[in-house]
Amino acid sequence: MVVAPVQRVYSAVKFALDKNNSDSQSFLRDYASALGVGVLDLISPKRSAEMVYLRTGAYVVLRKRFALSYPQIGRLFHKNHATIIHSLNAHSAELKLEDLLNGSVDVSSSNESRGNSNGSGSAHIRYDTENYA
């Protein structure tokens, strides 16, 4: 598991959510700013592990907090909706942002508490893919 990007995502999501953004565009600007990258970097086709984690953090919040559909998130990032679903299924469990969105995680807590119970870091959350429109 990539630890540094996970901590960055936690901190950036917390920062952006603390600003009480009312729309997804404002959230993305604040999120990118907190990460020290531009919005264009987030939506770029870069596929480095770090950028994948940073994007996935945004996907989780856009899906859960702003109730955007997979195609809507895909349009924001110039990606197919299936790419969004795959990223959420593959990486969101490691980020555990659902806990942060519910206010039950302390961003400064240790990294050891972020893995799954067997320590492999391979836990996955399956998102509903039947009603993605």
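Author: Let's start with one idea: an angle of 65 to 115 degrees between two axes counts as roughly perpendicular. Keep it in mind as we look at this structure, which is a predicted model.

Reader: Thanks! How do I use that for α4 and α6, and at what angle do they cross?

Author: Their axes cross at roughly 95° and come within 9 Å. That angle lies in the range from 65 to 115, so α4 and α6 are roughly perpendicular to each other.

Reader: Which residues make the contact between α4 and α6?

Author: From α4 come Val52, Tyr53, Thr56, Gly57, Tyr59 and Val60. Facing them, α6 brings Ile84, Ser87, Leu88, His91, Ser92, Glu94 and Leu95. Sorted by class, this contact has seven nonpolar, five polar and one charged residues.

Reader: Now for another pair. At what angle do α2 and α4 pack?

Author: Helix α2, residues 24–35, packs against helix α4, residues 49–64, at about 150°, and the axes are 11 Å apart. Angles over 145 count as roughly antiparallel, which is why α2 is described that way relative to α4. The crossing of α2 past α4 is right-handed.

Reader: What does each helix bring to that contact?

Author: On the α2 side you'll find Ser24, Phe27, Leu28, Tyr31 and Leu35. On the α4 side are Tyr53, Leu54, Gly57, Ala58, Val61 and Leu62. By class, they divide into nine nonpolar, two polar and no charged residues.

Reader: Let me pick out Leu54. Is this residue buried or exposed?

Author: A residue is called buried when its relative accessible area is under 20%. Leu54 has a value of 1%, so it is buried. It sits in helix α4.

Reader: What does Leu54 touch, beyond its neighbours within four places in sequence?

Author: Its partners there are Pro5, Arg8, Val9, Tyr31, Leu35 and Leu42. Take Leu35: it is 19 residues from Leu54 in sequence, while their C-alpha atoms are 8.2 Å apart in space.

Reader: And the largest nonpolar core: which residues touch the most other members?

Author: This core has 35 residues, and those with the most contacts to other members are Val13, Phe27, Tyr31, Leu42, Leu62, Phe77 and Leu97. The elements giving two or more residues to it are α1, α2, α3, α4, α5, α6 and α7.

Reader: Which element gives the most to this core?

Author: That is α4, with eight residues.

Reader: Could we finish with Val13? What is it in contact with, leaving aside neighbours within four places in sequence?

Author: Val13 is in contact with Tyr31, Gly57, Val61, Leu97 and Leu100.

Technical notes. Residues are numbered from 1 along each chain as its sequence is written. This is a predicted model: local features need pLDDT of at least 70, side-chain atom pairs count only at pLDDT 80 or more; totals for chains, interfaces and linings use all residues. Side-chain values use heavy atoms; hydrogens and water are left out. Axes are lines fitted to C-alpha atoms, for helices over the stretch in contact, and angles run from 0 to 180 degrees between N-to-C directions. Helices (H or I, at least four residues) and strands (E, at least two) are DSSP runs, numbered from the N terminus. Angles under 35 degrees count as roughly parallel, over 145 as roughly antiparallel, 65 to 115 as roughly perpendicular and the rest as oblique. A crossing is left-handed if the near helix is turned anticlockwise from the far one by less than a right angle, and right-handed if clockwise. Contact means heavy atoms within 4.5 Å. Ala, Val, Leu, Ile, Met, Phe, Trp, Tyr, Cys and Pro count as nonpolar, Asp, Glu, Lys and Arg as charged, and the others, Gly among them, as polar. Buried means under 20% relative accessible area, exposed over 50%, partly exposed in between (1.4 Å probe, protein chains only). A nonpolar core is a set of buried Ala, Val, Leu, Ile, Met, Phe, Trp, Tyr and Cys residues joined through side-chain atoms within 4.5 Å.
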